[in-house]
Amino acid sequence: MKNNIFGYTREKLANYFVSIGEKAFKATQVFEWLYIHKEKDFRKFSNIKKDIIEKLQKDFNNDFIKIEKVLEGVDVKKFLFRLLDGEKIEAVLMEHNYGLSVCVSSQVGCNMGCRFCESGRLKKVRNLDTYEIVEQILLIENYINKKINSIVVMGIGEPFDNYDNIIDFIKIINDAKGLAIGSRHITVSTCGLVPKIEDFSNLNLQVNLALSLHGATDEVRNKIMPVNKVYNVDTVIDSIKKYITKTNRRVTIEYVMLNMVNDYADDALALAKLLKGMNVYVNLIPYNETKAQEFKKSSKERITNFYNILKSKGINVTVRREFGGNIKAACGQLRSESD
Ligand code: SAH
């Protein structure tokens, strides 16, 4: 089967050219056509010799996933994509005052089973191929005819359960000859797959890492995140400490506010104690209620109280702006269907 060219990093493409006896810099020329000139028809690569173009046509395809539906809300658009095998995924475009950001999906379904998350109620069907992640961005940029400034890998799926493809995706969008999205503007969020956090720290990619913690003790986290039975709070926090030491980068700690589950004053105190002295900032996420209805959103007062306790203990903390609730485009509401 032919591989999709949009799944190739420049380095992999250079290796391909070398393997067929061509110069590695041809990969840069191809990247410029694909990502700068937005030309996907190999026959139009005018600075590349005909016999090489024929070889490209034989070895690669340039197929695109399709936009099936776009839902529009205030400062937000949700894109439903149909993949070439008929599976569906979603991505969300958000307009901030500092620019446009896109939240991409990394898998069809998800196996992590976080109890409060809609995406996790669908079992993982498969990993997304690298090109299927890259093309979410290309199609959205083309649809709005504007450049995307930042990317969060926080849609459907657990990115570190699709590690290799996510790394290639990051390399392609970060490449100066690719989509040229700065590493500081790329964030990967994980529910805490410790071995992959360690691998990630060795890559020196300079992108942002976010950890979905959501509970400061095993007692609380066990109730809502099955992954905690494998990598518990101490283990995951230890790996984050090592990550920070190695990369010297600040990590985001995500904490979804679930009414009377993890939003008590004691939870805030435990969280402050756990994170004390670490180079992190806590992002409190107002819970978006889902079909499961098992959890309720924390009240504004409970969120403010939690926030104030963290602040008073010297922890950097923000409350995430709520986006897209009315079109089911908010965190944890993405599914691979358009109901
Ligand atoms: N699997 C990755 C990325 C996807 S979720 C991860 O777990 O980090 C992105 C964030 O949204 C996670 O922090 C997730 O826990 C949170 N989230 C899930 N469901 C939510 C909901 N219903 N309301 C608010 N945030 C939610």
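**Close-up views of the sheet and the ligand site**

View 1. Val256 stands opposite Ile285 in E13. This is a predicted model, in which local features need pLDDT of at least 70, side-chain atom pairs count only at pLDDT 80 or more, and totals for chains, interfaces and linings use all residues. Residues are numbered from 1 along each chain as its sequence is written, and side-chain values use heavy atoms, with hydrogens and water left out. Strand E12 (residues 251–257) runs parallel to strand E13 (residues 280–286), and 7 bridges join them. Strands (E, at least two residues) are DSSP runs numbered from the N terminus; two of them pair if DSSP finds at least two bridges between them.

**View 2. The open sheet of 10 strands.** The strand order is E3-E4-E5-E6-E9-E10-E11-E12-E13-E14, with mixed pairing. Strand E3 (66–73) and strand E14 (316–319) are the edge strands, each pairing on one side only. From one strand to the next the twist averages 20° (axes are lines fitted to C-alpha atoms; angles run from 0 to 180 degrees between N-to-C directions).

**View 3. The shell around the ligand.** The ligand is surrounded by 21 residues (a heavy atom within 4 Å), and the closest are Ser189, Ser212, His214, Asn288 and Gly332. Strand E10 (186–190), E12 and E13 each supply at least two residues of this shell.

View 4. A side-chain N or O atom of His214 lies 2.6 Å from an oxygen atom of the ligand. A nitrogen atom of the ligand is 2.9 Å from a backbone N or O atom of Asn288.

Methods. Helix = DSSP H or I, 4+ residues; strand = E, 2+ residues; numbered from the N terminus. Polar contact = N/O pair within 3.5 Å; in protein donor to acceptor, adjacent residues only side chain to side chain.
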